[in-house]
Amino acid sequence: MYRRIIFCIVIGIVASCSSFKNDGELVGARKVKRWFEPDPYGMVLIPTGSFVIGNNDEDIAWSMSAPQRTVSLAAFWMDETEITNDEYRQFVYSVLDSMKRQRLVDEGYEEFLMKDRKGNVLEPPVLDRRMRIDGKKNEEYKELLEGMNYAGDDRIVAGELDVRKLVYKFSWYDFKQAAANDRFYNPETGIYKGGTVINANGEREAVKGRSSFIMRKSVRIYPDTLCWLKDFTYVYNEPYVKEYFSHVGYDNYPVVGVNWHQAQAFCHWRTALFNNASSNRVQDWRLPSEAEWEYAARGGLSGATYPWGSYYTRNKKGCFMANFKPMRGNYIGDGGSITVPVGTYAPNGYGLYDMAGNVAEWTNDTYDESAYQVTHDMRPYYYQTAAKTDSRIFKRKVIRGGSWKDVAYYMQCGVRTYEYQDSARSYIGFRTVRTKIEF
């Protein structure tokens, strides 16, 4: 009897405590401290808003590819400057370091792999970047790593890195193609009956399962320095071929000679770099959509012809506001014969530099003359996955902003043009964006 009384008392206390903590109501994040997204270094917050996208001046080409319409966008972060040579070289050096370590691991040097507390190699294997390659076995390492340099008749001097071997491998899930094939999916059997997908190599194949939408890609990441010669005829640009990307004197200049695929690879690497060093999960870095780029370029000014808000390319003192081709043959009239260091000219209303001139910039969108007529007015985005067999028309990507070699027309906020996704130019660079998690 005594034990039964004690048991009833204990049950009553537990029940009363439970009802005190949770009286049957659903308790969610309202009682949790609000989460704040940290400001990413070197990026500017572009607020949520709507604007009128499209031409603000006459369409001199009469293309009618950018009619005005109102669209709305969610907040996002954007690089305050174009990606510089120094920033892109960090990407190149990181890939080079990983490839060296992987090569040594393949030769049996497990000291370059992460281990648990018991000294066992982690599964799946992860490269350990804390281990120095120039350690006690320096001569052995050096001999093994010689395979990454030019050899035989291709070599000019000893130890010259073969940049063709710098390949970045990455993967992602293609939500767009997965959504397009959802009607072929049977949730009861977990099997796809029908549907096709274009893989990362541009090959069309039948959908087998979830793995069909996991894109795996390998990209040669070293910039095409020969673009300084290929883009022009009868011009002496050899000094830029040799030094523009590699010399410290050009550290703060925008990177060029990078095609659309290489810019995508950089975005993936930048996301991985952050995620490996931080416990805060954020949205991926990516190239901006065409609408995001124009919204940011306008700097909060409605109907602005140029990012600085004026109809003219000079200020009241007669100074040019950007780096472009101001007069016939007078490239240095604005202060630079080719590119100039990022941030040379004043920023726009959002604090973004060089949204007009210096280098044109890649966006994520596929170029189509009718894109403005078919895209949604909420976060418009026009993207087509092109197969190898598709016409080159489907491999055009929108570029914006004009460059050091372009006339003022291409610097206008509403003017759109394109370049092929596998082309690298001496006048095209890029900057990245990241969607803001909070409203």
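Let me start with the cysteines: this is a predicted model, and the structure holds 0 disulfides. C267 is in no disulfide, and the nearest cysteine sulfur to it, that of C227, lies 19 Å away. On accessibility, C267 counts as buried because its relative accessible area is 1%, with the cut-off for buried set at under 20%. C319, on the other hand, is partly exposed, with a relative accessible area of 42%.

Next, the sheet. What is the order of the 4 strands in the open sheet? They run β1-β4-β16-β11, and the pairing is antiparallel. At the edges stand β1, residues 43-46, and β11, residues 285-286, each of which has a single partner strand, so that one side of each is left without a neighbour in the sheet. Strand β4, residues 76-79, pairs with strand β16, residues 433-435, in the antiparallel sense over 3 bridges, and W77 stands opposite R434 in β16. Across β1, β4, β11 and β16 lies the helix α8, which runs at about 75° to β4.

Is N323 buried or exposed? With a relative accessibility of 1%, N323 counts as buried. The side chain of N323 reaches the backbone oxygen of I338 at 2.9 Å, and, if we leave aside neighbours within four places in sequence, the residues in contact with N323 include D334, G336, T339, V340 and Y345, as well as G357, N358, S403 and W404.

Technical notes:
Residues numbered from 1 in each chain as written. Predicted model: local features only at pLDDT ≥ 70, side-chain atom pairs only at ≥ 80, totals over all residues. Heavy atoms only, no water. Buried < 20%, exposed > 50% of the residue type's maximum accessible area, 1.4 Å probe, protein only. Polar contact = N/O pair within 3.5 Å; in protein donor to acceptor, adjacent residues only side chain to side chain. Contact = heavy atoms within 4.5 Å. Disulfide = S-S within 2.5 Å. Pairing = 2+ DSSP bridges. Helix = DSSP H or I, 4+ residues; strand = E, 2+ residues; numbered from the N terminus. Axes fitted to C-alpha atoms, helices over the stretch in contact; angles between N-to-C directions.
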